[in-house]
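This briefing is meant to be read beside the sequence and the three-dimensional view. Please keep both at hand while working through the topics.

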Amino acid sequence: QELKEGKAPKPLPKALPPPPPPSASVPLPTLAKDSGKRKHSNLPAWMTQQPAAGAESAPKKAKTDVPSMADATNFPVLPAAAHDDLSTYLTQQIQEVLGEAEDTLITFIHGHVTQGKPIKELEEELKEVLDEDAPAFLQQLWSKVQGLAK
């Protein structure tokens with residue numbers, strides 16, 4: 001109606017008015033005090049189990065036929081007969097992790113392993129491509145190479 005009469009419209013308020021104070025008739029919820037004792041933990045079982053009395057504080061390493069990757073610096077030398085098996089394994093693993101077989105990456109890893117190059121070098125390169133999957137991929141690769149080296 002103001003526009004029809006030639007008057008300027010009223011300006012809109014720049015800010016909303018503050019909310020009304022809480023009503024005294026609506027009780028606020030009370031929070032239960034956390035006792036800190038839960039029946040279940042989100043931590044893995046090995047982190048929550050208490051060691052038995054008289055047990056050593058450091059866990060014992062299980063003896064296996066496969067040397068630990070942490071103790072090694074380079075990949076072991078593979079016999080030529082194992083190269084095809086390694087190539088097949090790498091193709092399957094890369095396809096599983098990336099969704100497709102990246103021939104360049106497979107060739108790079110295959111060459112690195114068969115030439116007995118340092119594990120750390122490959123780990124650094126794989127982190128750029130596989131991100132957080134790199135350590136697990138490298139550990140699985142280490143186990144496979146150990147099996148093929150026998």
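By about how many helical turns are E123 and K120 separated in helix α4? The two residues are three positions apart in α4, a helix that covers residues 119–130, and they are therefore separated by about one helical turn. The model under discussion is predicted. Its protein chain has five helices and zero strands, and the points below move from this overall plan to individual residues.

**Overall plan**

- Read along the sequence, the protein chain shows the pattern α-α-α-α-α.
- The protein chain has 150 residues, of which 21% count as buried.

- Side chains of opposite charge can pair when their charged atoms come close.
- In this model, the side chains of E123 and K120 form a salt bridge, with a distance of 3.3 Å from N to O.
- The count of salt bridges comes to one.
- K120, in contrast, reaches 55% relative accessibility and so counts as exposed, the cut-off being over 50%.

**How the helices cross**

- Helix α2 spans residues 83–98, and helix α3 spans residues 103–114.
- The axes of α2 and α3 come within 10 Å and cross at roughly 135°; this angle makes α2 oblique to α3.
- The crossing of α2 and α3 is right-handed.
- Helix α5 spans residues 134–149, and its axis comes within 9 Å of the axis of α4, with a crossing angle of roughly 135°.
- Helices α4 and α5 are therefore oblique to each other, and their crossing is right-handed.

**Residues apart in sequence and their distances in space**

- I109 is located in helix α3 and is buried, with a relative accessible area of 0%.
- I109 and L122 are 13 residues apart in sequence, and their C-alpha atoms are 7.5 Å apart in space.
- P79 belongs to the loop between α1 (45–48) and α2.
- The relative accessible area of P79 is 38%, so this residue is partly exposed.
- P79 and T114 are 35 residues apart along the chain, and a distance of 8.7 Å separates their C-alpha atoms.

**A nonpolar patch on the surface**

- Which residues form a nonpolar patch on the surface? They are V97, L98 and V129, which together have about 190 Å² of accessible area.
- L98 is part of helix α2.

- Most residues other than glycine have a negative phi.
- D131 is not a glycine, yet it has a positive phi of about 55°.
- D131 is found in the loop between α4 and α5.
- Is D131 buried, partly exposed or exposed? Its relative accessible area is 48%, so D131 is partly exposed.

Methods:
Residues are numbered from 1 along each chain as its sequence is written. This is a predicted model: local features need pLDDT of at least 70, side-chain atom pairs count only at pLDDT 80 or more; totals for chains, interfaces and linings use all residues. Side-chain values use heavy atoms; hydrogens and water are left out. Patches are made of residues with over 30% relative accessible area and no salt bridge: like charges are joined within 9 Å, nonpolar side chains (Val, Leu, Ile, Met, Phe, Trp, Tyr) within 5 Å. Accessible areas come from the Shrake-Rupley method with a 1.4 Å probe; for residues, only the protein chains shown count as cover. A salt bridge is a side-chain nitrogen of Lys or Arg within 4 Å of a carboxyl oxygen of Asp or Glu. Helices (H or I, at least four residues) and strands (E, at least two) are DSSP runs, numbered from the N terminus. Axes are lines fitted to C-alpha atoms, for helices over the stretch in contact, and angles run from 0 to 180 degrees between N-to-C directions. Angles under 35 degrees count as roughly parallel, over 145 as roughly antiparallel, 65 to 115 as roughly perpendicular and the rest as oblique. A crossing is left-handed if the near helix is turned anticlockwise from the far one by less than a right angle, and right-handed if clockwise. Buried means under 20% relative accessible area, exposed over 50%, partly exposed in between (1.4 Å probe, protein chains only).
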